Amino acid sequence: MSLKLSAFSVLSALSLLSACAKIEPPPGGPPDITPPSLVATRPESLAQLPKFSGEVEFRFDEVVSEGSSPNTGLGTGDLEKLIILSPAVRFPHVHWRRTRITVKPAEGWKPNRVYRVELLPGVTDLRRNRSKDGTVLTFTTGAPLPDRRLQGLVVDWSTNRPAPQALVEALLEPDSLPYRALTDSAGRFSFGPLPRGEYLVRGIIDENHDSRPGDREAFDSLRVTTKDTTTRVGELWTFVHDTSAARIRTVTVADSVSATVELNQSLDPRQRLAAAAVSLRLLPDSTPVRVMSILPKPLDDSLNAKAAAARDTTAKDTTARARPGLREVTPRDTTRAREDA
């Protein structure tokens with residue numbers, strides 16, 4: 001039996017074979033464990049673009065993952081969580097373009113402003129290799145190029161420890177334009193370049209990780225003016241603000257000359273109370289007792305431990321009476337008061 005194929009049939013078969021062909025890496029090669037690498041940004045950093053109207057682009061050397069949560073302009077998408085755009089009140093438009101991530105303000109680019117677009121670490125490829133590096137792109141839409149930097153430390157008051165990944169928001173007066181950044185693993189921040197001027201700087205424990213201050217999120221603030229190239233803000237001790245004063249919760253007698261006062265709220269760890277701020281009376285006849293000191297508990301314990309060690313190295317004096325030392329309140333909510341013996 002013989003078969004006869006027309007030229008049209010042969011060309012059709014070849015077309016089908018080429019359409020179904022797939023280019024894949026040769027089998028048996030080493031697995032890809034390299035995270036996506038940033039190869040270019042658009043526009044260039046520190047560019048002056050008075051009529052800029054396009055999108056900021058972060059271009060990678062391979063296709064990146066869009067993530068499992070969609071980017072809908074609510075700040076909840078996987079890619080949206082990796083972008084901090086300043087200054088902006090609303091969440092920006094963030095789009096996945098295979099090898100590119102694009103960003104644009106929801107309200108559009110405003111003239112004569114300094115814009116700061118930060119890409120956080122965490123971009124992954126299709127094999128879930130995660131980038132550990134981020135980048136910052138700064139440009140202007142007509143404003144002078146920025147040359148100022150803010151540095152400081154954010155501390156979580158409730159734990160008395162530095163706050164890693166805390167939100168830092170610097171509001172540029174008089175328009176309250178918000179510039180945002182995150183602290184590092186040691187609670188420190190150093191971000192810029194920023195425009196010159198007066199700032200209200202806030203350190204915020206960003207519990208929901210939306211890069212926005214929440215109504216019940218702990219924060220502290222300080223007003224600074226960028227007179228020098230680098231402005232040191234200092235320490236920001238974050239706590240939940242309310243309108244009610246601290247109240248005594250419990251009083252525990254430690255020994256014959258001291259007591260620990262626990263409060264229902266944290267106190268300013270930098271605050272020092274005078275001994276006259278405490279009234280102490282001896283029952284049942286309410287005889288006034290003079291208070292020698294009232295200090296945070298860790299400081300009081302430290303001072304009294306040293307005093308006790310010094311006394312242990314000397315001979316006992318049976319005629320001597322114990323002199324008042326220092327006892328204290330934790331930066332959270334306890335205070336040690338010591339009376340005159």
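Visitor: How many bridges join strand 1 to strand 3, and which way do they run?
Guide: 4 bridges join strand 1 to strand 3 (residues 56-60), and the two run antiparallel. Strands here are DSSP E runs of at least two residues, numbered from the N terminus. Two strands pair if DSSP finds at least two bridges between them.

Visitor: What should I know about the model and numbering?
Guide: This is a predicted model: local features need pLDDT of at least 70, side-chain atom pairs count only at pLDDT 80 or more, and totals for chains, interfaces and linings use all residues. Residues are numbered from 1 along each chain as its sequence is written, and side-chain values use heavy atoms, with hydrogens and water left out.

Visitor: Back to strand 3. Which residue there is the bridge partner of A40?
Guide: R59.

Visitor: What is the strand order in that open sheet?
Guide: The order is 1-3-6-5, with antiparallel pairing. Strand 1 (38-42) and strand 5 (93-97) are at the edges with a single partner strand each, so one side of each has no neighbour in the sheet.

Visitor: New topic: strand 9. Is it mostly covered or uncovered?
Guide: Mostly covered. Of the 9 residues in strand 9 (residues 148-156), 7 are buried, meaning under 20% relative accessible area (1.4 Å probe, protein chains only).

Visitor: What does G152 face in strand 16?
Guide: G152 stands opposite G234. Strand 9 and strand 16 (residues 230-238) are parallel, with 8 bridges. In strand 13, the bridge partner of G152 is F189. Strands 9 and 13 run antiparallel, joined by 5 bridges.

Visitor: And how many residues lie between strand 9 and strand 10 in the hairpin?
Guide: 4 residues. N160, in the turn, has a positive phi of about 60 degrees.

Terms used. Buried means under 20% relative accessible area, exposed over 50%, partly exposed in between (1.4 Å probe, protein chains only).
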